[in-house]
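Open the structure in a viewer and keep the selection tool at hand. The tour below goes stop by stop, saying what to select and what is there.

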Amino acid sequence: MEVIKTSIDGVFIIEPRIFEDSRGYFFESFSQREFEEKIGPINFVQDNESKSSYGVMRGLHFQRPPFTQSKLVRCVKGAVLDVAVDIRKGSPTYGQHVAVELTEDNHRQFFIPKGFAHGFAVLSETAVFQYKCDEFYHPEADGGISILDELLNIDWRIPTDKAILSDKDTKHPLLKDFISPF
């Protein structure tokens with residue numbers, strides 16, 4: 001796998017080695033050994049999958065301490081724009097984000113460490129999205145910031161009138177009104 005550093009320390013884009021022939025393709029979607037050699041120690045404990053249609057925007061989510069999560073995400077069908085926003089108090093990149101397009105064709109993965117809010121927008125007709133977490137889901141630790149916060153300056157590539165958000169995701173605070181638990 002190739003690990004690509006981003007503009008924010010600790011956030012990585014991962015490109016697996018793809019082996020293709022007339023039958024199709026093969027790649028290792030995760031290797032504990034290689035991940036730890038190239039990025040660092042991790043112990044993933046839960047895998048999640050969602051299916052969404054065009055315009056669905058999920059996020060920007062995180063879990064509060066002591067149940068913080070790192071995530072390794074990928075899109076196995078369709079295409080999404082995936083975003084990590086730095087919400088670590090005192091970080092030189094606080095409020096900044098990294099965005100990457102993840103598709104079934106590019107096989108890219110995105111590593112989002114603890115201390116970041118995470119979200120994505122579905123760019124294709126449908127998308128199947130998978131992610132690994134290094135902490136179990138704890139509903140009492142759920143947190144979020146508004147996915148439509150204009151001050152974050154995220155180009156979601158979805159017209160606002162086409163955006164589909166859950167009721168929960170419309171109620172998250174703007175970053176300026178947010179008190180970071182990190």
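What volume does the second largest pocket have? It is about 190 Å³. The model is a predicted one, and residue numbers run from 1 along the chain.

**Stop 1: the second largest pocket**

Select Met1, Pro16, Arg17, Glu28 and Glu34, which are the closest to the centre of the second largest pocket among the 14 residues that line it. By type, the lining of this pocket divides into eight nonpolar, three polar and three charged residues.

**Stop 2: the largest pocket**

Now select Arg58, His61, Lys71, Tyr131 and Lys168. These residues lie nearest the centre of the largest pocket, which has 24 lining residues. Its volume is about 370 Å³.

Which elements give two or more residues to the lining of the largest pocket? They are strand S5 (46–53), S6, S11 and strand S12 (126–133). Colour S6 to see the element that gives the most, with five residues. The lining of the largest pocket consists of nine nonpolar, nine polar and six charged residues.

**Stop 3: the annotated positions**

In an unreviewed entry, UniProt places the feature "active site" at His61 and Tyr131. They are spread over 71 residues of sequence but cluster in space, the largest C-alpha distance being 13.3 Å. Of these residues, His61 is included in the lining of the largest cavity. Strand S6 is where His61 lies.

For another point of reference, select His97, which is in strand S9 (residues 97–103). His97 has 24% relative accessibility and therefore counts as partly exposed.

**Stop 4: the largest cavity**

How many cavities of 30 Å³ or more are counted? The count is one. About 60 Å³ of space lies in the largest cavity.

To outline the largest cavity, select His61, Phe62, Gln63, Thr68, Gln69, Lys71, Ile112, Lys114, Gly115, Phe116, His118 and Phe182, the residues that line it. Strand S6 (57–63) and strand S11 (116–122) each supply at least two residues of this lining. The largest share comes from S6, with three residues. Sorted by type, the lining of the largest cavity has four nonpolar, six polar and two charged residues.

**Stop 5: the aromatic rings**

A pair of aromatic rings is described by the distance of the centres and the angle of the planes. Across the whole structure, a search finds nine aromatic pairs.

Start with Phe35 and Phe44. Their ring centres are 5.9 Å apart and their planes stand at 70°, so this pair is edge-to-face; the cut-off for that class is over 60 degrees. Is Phe35 buried or exposed? Phe35 counts as buried because its relative accessibility is 1%. Phe44 also counts as buried, at 14% relative accessibility, since the limit is under 20%.

Next, select Phe120 and Phe129. Here the ring centres lie 4.0 Å apart with the planes at 25°, so the pair is stacked. The stacked class takes planes under 30 degrees apart. Phe120 and Phe129 are both buried.

**Stop 6: the aromatic cluster**

Which residues form one aromatic cluster? Select Phe30, Phe35, Phe44 and Phe111 to show it. One of these, Phe30, has Lys132 lying over the face of its ring, at 5.3 Å from the ring centre.

Finish on Phe44, already seen in the edge-to-face pair with Phe35. Phe44 lies in the loop between helix H1 (32–38) and S5.

How values were computed:
Predicted model: local features only at pLDDT ≥ 70, side-chain atom pairs only at ≥ 80, totals over all residues. Heavy atoms only, no water. 1 Å grid on protein atoms, 1.4 Å probe; cavity = no way out; pocket = protein on both sides within 12 Å on 5 of 7 lines; lining within 4 Å. Points joined across faces, edges and corners; volume = space filled by probe spheres on them. Helix = DSSP H or I, 4+ residues; strand = E, 2+ residues; numbered from the N terminus. Nonpolar A, V, L, I, M, F, W, Y, C, P; charged D, E, K, R; others polar. Phe/Tyr/Trp six-rings, centres within 6.5 Å; stacked < 30°, edge-to-face > 60°. Buried < 20%, exposed > 50% of the residue type's maximum accessible area, 1.4 Å probe, protein only. Lys NZ or Arg CZ within 6 Å of the ring centre and 35° of its normal. UniProt positions renumbered as here; feature names shortened; annotations may be inferred.
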